[in-house]
Amino acid sequence: MDEIEIQKEYIEKVNKINKNKDLKYAILTMGCQLNENDSEKLCGILEEMGYSKTCNFEEADFAIFNTCCVRENAEDKLFGKLGELKRIKEKNGTIIAIGGCMMQEKHITEKIRKSYPYVDIIFGTHTLHRLPQDVYEILKNEEKIDDVIDIEGKVYEGLPIKRFNNIKASVTIMYGCNNFCSYCIVPYVRGRERSRNPQDIINEIEKLAKQGYKEVTLLGQNVNSYLVSEKRNNPNLEYNVKINNKNFKINSFATLLIAVNEIDKIEKIRFISPHPKDFTDDVINAIANCKKVSKLVHLPLQSGSTKMLKIMNRKYTKEQYLNLVEKMKAKIPNVKFSTDIIVGFAEESEEDFEDTLDVVKKVNYEQVFMFIYSRRVGTPGEKMKNQVPEEIKHKRFNKLKELVESQIKQNNEKYIGTKQKILVEGISKNNENMLTGRTDSNKVVVFEGDKKLINTFVTLKITSEHMWYLKGKLY
Ligand code: 5AD
Ligand code: SF4
């Protein structure tokens, strides 16, 4: 029997044990969209095992944390929350499970076992699919479960999933990363690159389309390496997939985008994150030619200094990055960019930082995710000598923030008076009389309209800008 069939049997067994008990679970997700997508799978599993969701940990019979370790503050958050759970467990007998990236770090799991012995289940990124078995064993034996392994397994398909949104969905297309950027912990905790079979991805998206989803985001640490590792052993690898009675050959990220673009009722396709070093022309052409693929390209810069990019092991120079942007601007009408930037990595001088500001000015991003460098145990960056003092990191961060905010304001003003087609996602969080959605370039727009418009596309005329959102009127 295959692994997922075995786990489905455990789901059934736990479901029987839990029957008629009205049990509840609460989940805390830290980190990126990949983790969010993993949490959707965890919720799917827990719900099939007979737990229903609550947002209140105080009333949870099962508490689960899905952790991230990309930056330091997540650690403080986890240990703070774990402290709170002790009291809740004493009151309710709550089962506590912790999983995700941080559990792949030995010093963390050792700390949990030593200082937080009331945690019941620890599972890692390669054992998420075994949660049913872990829960069953806890219910039966009440012995602590340590289910973390270092070797990435195969890609598992067929786990239940409970999506957090009913209009937009994330679809993981590949797991792991082979790049080893010198600041980054991800390759150590998520293992090497493994791509999902294209047929499984297409089936999942076709099912989403049937359920009424309009937008999908294809996820991976390095999406433009999709199928690259698999092709190393088998250069002629190619999958034949049928969509709307048309045949598609899929052997790369570009061919996957072209195929997904054919799926009826899916109207918008986004993807995160590509790596600039792997951004091939076929992907640029696919973005240009596929109507549904968003023209907002997330292109992580990390630093604008060629010296820093070398230290970061990014494998491109400032000029190569800028040339890539220029090439895309020439080939993709209306292309826009967003990015990730780290300030204060080891060895970063004032001059290097100025190079980052220079690239930000030249590219003119729609959105910049800014991070202060955080030393991660076990990465090359951790051991580098010339670490940047905290106060300089903060100074640089604030300077970058100022530049980015002034650019966003300027860019926002260009939207005023334009027509924008947006997917209406729901009622605005801050004003229940307004609806909200996003432009193709991922800018939030609020406007007055009938609730019936939710989950449809509308055309708006943009009337004003408010830094983090735009206001519009139905056209
Ligand atoms: N410190 C700060 N930011 C980091 N990132 C990755 N590792 C670190 C780190 N150690 C940022 C990168 C990446 C984003 C997801 O997180 O910019 O693109
Ligand atoms: Fe980390 Fe670099 Fe891999 Fe992105 S590409 S996950 S930054 S190692």
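In the predicted model, the second largest pocket is lined by 33 residues. Those nearest its centre are Lys 41, Tyr 156, Glu 157, Gly 158 and Leu 159. The space within this pocket amounts to about 720 Å³. By residue class, the lining of the second largest pocket comprises 14 charged, eleven polar and eight nonpolar residues. Domain 1 (3-147) and domain 2 (165-294) each contribute at least three residues to this lining. Among the secondary-structure elements, helix H2 (33-48) and helix H7 (198-210) each supply at least two lining residues; the largest share, five residues, comes from H7.

An open sheet is formed by three strands in the order E7-E10-E13, with parallel pairing. From one strand to the next, the twist averages 25°. Strand E10 (residues 215-219) runs parallel to E13 and is joined to it by five bridges. Val 216 has Ile 269 as its bridge partner in E13.

The shell around ligand 2 consists of Cys 177, Asn 179, Phe 180, Cys 181, Tyr 183, Cys 184, Val 186, Pro 187, Gln 221, His 275 and Arg 314. Seven residues of this shell are nonpolar, three are polar and one is charged.

Terms used: Residues are numbered from 1 along each chain as its sequence is written. Chains are lettered from A and ligands numbered from 1 in the order in which they are written. This is a predicted model: local features need pLDDT of at least 70, side-chain atom pairs count only at pLDDT 80 or more; totals for chains, interfaces and linings use all residues. Side-chain values use heavy atoms; hydrogens and water are left out. A residue is near a molecule or strand if one of its heavy atoms lies within 4 Å of it. Ala, Val, Leu, Ile, Met, Phe, Trp, Tyr, Cys and Pro count as nonpolar, Asp, Glu, Lys and Arg as charged, and the others, Gly among them, as polar. On a 1 Å grid over the protein atoms alone, a cavity is a set of points where a 1.4 Å probe fits but cannot get out, and a pocket is an open set with protein on both sides within 12 Å along at least five of seven lines; lining residues have an atom within 4 Å of a point. Grid points are joined across faces, edges and corners, and a volume is the space filled by probe spheres set on the points. Helices (H or I, at least four residues) and strands (E, at least two) are DSSP runs, numbered from the N terminus. Domain bounds come from an automatic or database domain assignment. Two strands pair if DSSP finds at least two bridges between them. Axes are lines fitted to C-alpha atoms, for helices over the stretch in contact, and angles run from 0 to 180 degrees between N-to-C directions.
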